[in-house]
Amino acid sequence: MIQLKVNGAEQSFNGEPEMPLLWYLRDVLGLTGSKFGCGVGLCGACTVHVNGQATRSCVTVMRATAGKEVTTIEGLEKNGLHAVQKAWMQINVPQCGYCQVGQIMQAAAFLDSKKKPTDHEIDDAMSGNLCRCGTDQRIRAAIKAAAEEMA
Amino acid sequence: MSTIANVSRRRFLTGGVIAAGALVLGVHYYPKLLSGDKLPHDTNADHATLHPSVYLGINPDGTVWIVAHRSEMGTTSRTTLPLVVADELDADWKRVRIEQAIGDKRYGDQNTDGSHSIRSYYDAMREAGATARFMLIQAAAHEWGVPAAECDTDLHVVVHRSTNRSAGYGELASAAAKLPVPDKRELKLKQKSTWRYIGKGEVSYDLEALVSGKAIYGMDARVEGMVYASVERPPVLGGKVKSYDDKDALKVAGVRQTVPIDPFQGAPAFQPLGGVAVIADNTWAAFEGRKKLKISWDNGANETYNSDQYKNELRETSHSPCKVVRNIGDAGAVFAKGGKVYEADYYVPLLAHASMEPVVALAEFKDGKATLWAPTQNPQAAQDIVSKELGIPKEDVICHVTLLGGGFGRKSKPDYVAEAAVLSKKTGRPVKVVWTREDDIKFDYYNAVASMYMKAALGAHGKPTAWLQRSVFPPIPSIFDVNTVYGDPGHLQQGWTDIPYDLSNLRVENGPAKAHVRIGWLRSVANIYHAFAIQCFTDELAHAAGRDPLDYLLDLIGNPRTIDFKGVEYPNYGASMDAYPWETGRLRHVTEMVAEKSGWGKRKHGKGTGVGIAAHRSFLTYVATVVEVEVNDQGEVRIPRVDTVLDAGLVVNPEATRAQFEGAAVFGTSVVRSGEITATKGAINQSNFQDYPVARITEAPYQTNVHIVESDAPPAGVGEPGVPPFVAALCNAIFDATGKRVRDLPITKLGLS
């Protein structure tokens, strides 16, 4: 039995401890905001926060989540939208949108640790998150807008 | 333990709150189905009080339902087409609700490809809105006893200004519904000056859902009682299972059963590839079980296919005379005279789509009927193939269209939807087939590998006195008939037969190539390799002549004229040549404009930096692009700036259009930097983003500036036309920066990255 918190709620997991967190969130809990993109931690579509750190849930096994606090896009902000989500809307970042949840989770964790990021720091922080539609320049702009909003 | 509780049958599990405005799937939105109405495909618009069009309905509370019948994969067409309806209706966008159509021929063509959603449906959407507006005005005029001509509309309200009367659309809906639907000749479309939304645009209707994880993609579709499937497919196209052992697979916790899938018959088309499916309680168990399958394959005839050797064969073919598909003058006679000649070979490998959402579909076969939930660009084709595979009438196949996590052409081929349907029939349960990224890359319908041979005889100022171009590529129709080896007019038109240069001697040829993998449409399709060859060859000739590439390009485009395609089979992307003539003046204009916007020849570029230019028309849109690059001593290419100018006629949604061209630059960057699928003994070598990398934020252009030409010409495509000129301009910029000429993509072959 693995005990963990997901978006503030206590959960216990009885299944296979090697199951990646992503599939527990999506198939067991029905939290489908976190996306499957590559399964090997190369695209970032599955990014969630584990104890506040941006984490690729597709390569994080359930065994490793025991006692941890997991936050998904569904729990990122209790009231309304997070500043990063608002910035994403303001800059009109998404095209297909599939990767954007992972991008937003990555950006939110990054901005928690970095208040005034440079372009280089943004690119570095976001380089693990792929966007095939090519919204990269808007992602950079939205992170800057969110950083200002959060300052 | 689970947060899912008490979800009723036929409802979607969402795992969260359904966002207002989010794409909501399924049929649970219809609380008031008319008794006796057996249509399985009704929409809220169908059941609205005023319903003069399949695309539109208005309720007494003033809610306007607009049906989006094209698929949404990121181009915003799900928003932009309804916006056209709303404009002609003079509706308040805030009171519009969009619902997604299922696959149904009553909507017309729904194959969301070829960058033609706006072009093909702009008039139909205007008519739908104008029809409802006409009826609302009539209803108000009757009510007030005034001539309809004295009435007008003003944002969701009909007004009679001289008597200061007004009535909301909701109030008028019932009365309007009693009136006859007017003939379209009676309709008066709004004047451009009164447009509220057309030309101004709107952000995606789904924007908030997209940033909050509430948007439902195919990957997120869930129904009660469903199981998950992962399929081990034949590694070589046309291969078959000889035998398999599933003992260990069945031991994996959560695995329920394995199910063989028959190989396709004849040409692959959209049939499942065959193989063995592992059915499980969750996706991961299905993946794990599949790893334990032991399958012995009969690989079939395509086992002899090796992409390296195939490349040589294509090149060899291109060095001998091929089929002539367009001819002007006598290029052969000019070459025979001798003199200065310039030749070059260009090559683009197979390319995979790699949408961020891997291919996925959910299907339920029950009581002789199939219900599908799929991220498909082509729900009617999904109905067709599922109908054939299951042996049931097409009307008994309901295809719900989810949002697509990218499509780029892959998801217009519904083989994966058929897979899910076949498995549901065999297991008696709803089945979701989840493709891994590896499956998505290994079992794609690839953009064709292509070899292009270019030859020019050079005269005064380095201008060509004769031009010969031969392209050789396995054609897309080979998926429907394996013996098809020549390009079809629909793909030869893509930047090949329509070379826009003013040449007295031109010979355009196409050679045969047999396909050994499934070939399909990928964003911009044949335009990618054709524009690469022509626009880079042009740049080579400019440099050979010691001339400025912009100047040389304009010289070849020549004076404004309409291209005469007499004797050429030129389908013009399915549009009439009258409405969409090929006007070189428009190509010239975007080229001149991009030069100005980018500061061509005016900005200084230091060591290791360079600029390149290219111009191309595709999907009826004229585009010119200037790319600026920096290449360091390690051969790392960075793109600080891109300027692109497009003339797509009337642009309904400029914001979405800018986004498409920004994205096209990133897509093109992936093509140039790393796009390459290869095969050994018939099996694809690449598998995931480590060996099929796509551009990351560190590699994508830092800034793409998109400039839209103001035009009243009819609307043309915007999703695809940005890629081809970008690819060529980037390669030309790399030459400018490094002196290395890119003839073989990707640039890793030149030691660049």
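**Reading the sheet, the fold and the interface**

A: Let us begin with a pair of strands. In this predicted model, strand E3 (residues 47–50) of chain A is joined to E4(A) by 4 bridges, and the two strands run antiparallel.

Q: Which residue in E4(A) does Thr47(A) stand opposite?

A: Thr47(A) faces Arg56(A) across the pair.

Q: What is the order of the strands in the open sheet of chain A?

A: A sheet is read from one side to the other. Here 5 strands form an open sheet in the order E2-E1-E5-E3-E4 (chain A), and the pairing is mixed. Strand E2 (9–13) and strand E4 (53–56) of chain A have a single partner strand each, so they stand at the edges and one side of each lacks a neighbour in the sheet. On average, neighbouring strands of this sheet are turned by 40 degrees against each other, with direction ignored.

Q: Which strands does helix H3 of chain A touch?

A: Helix H3 (residues 100–113) of chain A packs on the sheet and touches E3 and E4 of chain A. Its direction makes about 35 degrees with that of E3(A).

Q: How many helices and strands are there in chain A, and in what pattern do they follow along the sequence?

A: Chain A has 5 helices and 5 strands. Along the sequence the pattern is β-β-α-β-β-β-α-α-α-α.

Q: What percentage of the residues in chain A are buried?

A: Of the 151 residues in chain A, 61% are buried.

Q: How many residues of chain A are in contact with chain B?

A: The size of an interface is often given as the accessible area lost when the parts come together. Here we may count residues instead: 50 residues of chain A are in contact with 53 residues of chain B. On the side of chain A that touches chain B, the elements giving two or more residues are E2, helix H1 (21–28), helix H2 (83–90), H3, helix H4 (119–126) and helix H5 (136–150) of chain A. H5(A) provides the largest share, 4 residues. By kind, the residues on this side of chain A divide into 26 nonpolar, 16 polar and 8 charged.

Q: Which residues of chain B does a cis peptide bond join?

A: The cis peptide bond joins Leu745(B) and Pro746(B), with omega about -5 degrees. Pro746(B) is found in the segment after helix H17 (723–738) of chain B.

Q: Where is Ser524(B) placed, and is this residue buried or exposed?

A: Ser524(B) is in the loop between strand E21 (506–511) and helix H13 (526–544) of chain B. Its phi is near 85 degrees, a positive value in a residue other than glycine. Ser524(B) counts as buried because 33 other C-beta atoms lie within 10 Å, where the cut-off is 20 or more.

Q: What is the phi of Leu620(B)?

A: Leu620(B) has a positive phi of about 75 degrees, although it is not a glycine. Leu620(B) lies in the loop between strand E22 (609–618) and strand E23 (621–631) of chain B, and is buried, with 25 other C-beta atoms within 10 Å.

Key:
Residues numbered from 1 in each chain as written. Chains lettered and ligands numbered in written order. Predicted model: local features only at pLDDT ≥ 70, side-chain atom pairs only at ≥ 80, totals over all residues. Pairing = 2+ DSSP bridges. Axes fitted to C-alpha atoms, helices over the stretch in contact; angles between N-to-C directions. Contact = placed C-beta atoms within 7 Å. Buried ≥ 20, exposed ≤ 12 C-beta atoms within 10 Å, placed from the backbone. Nonpolar A, V, L, I, M, F, W, Y, C, P; charged D, E, K, R; others polar.
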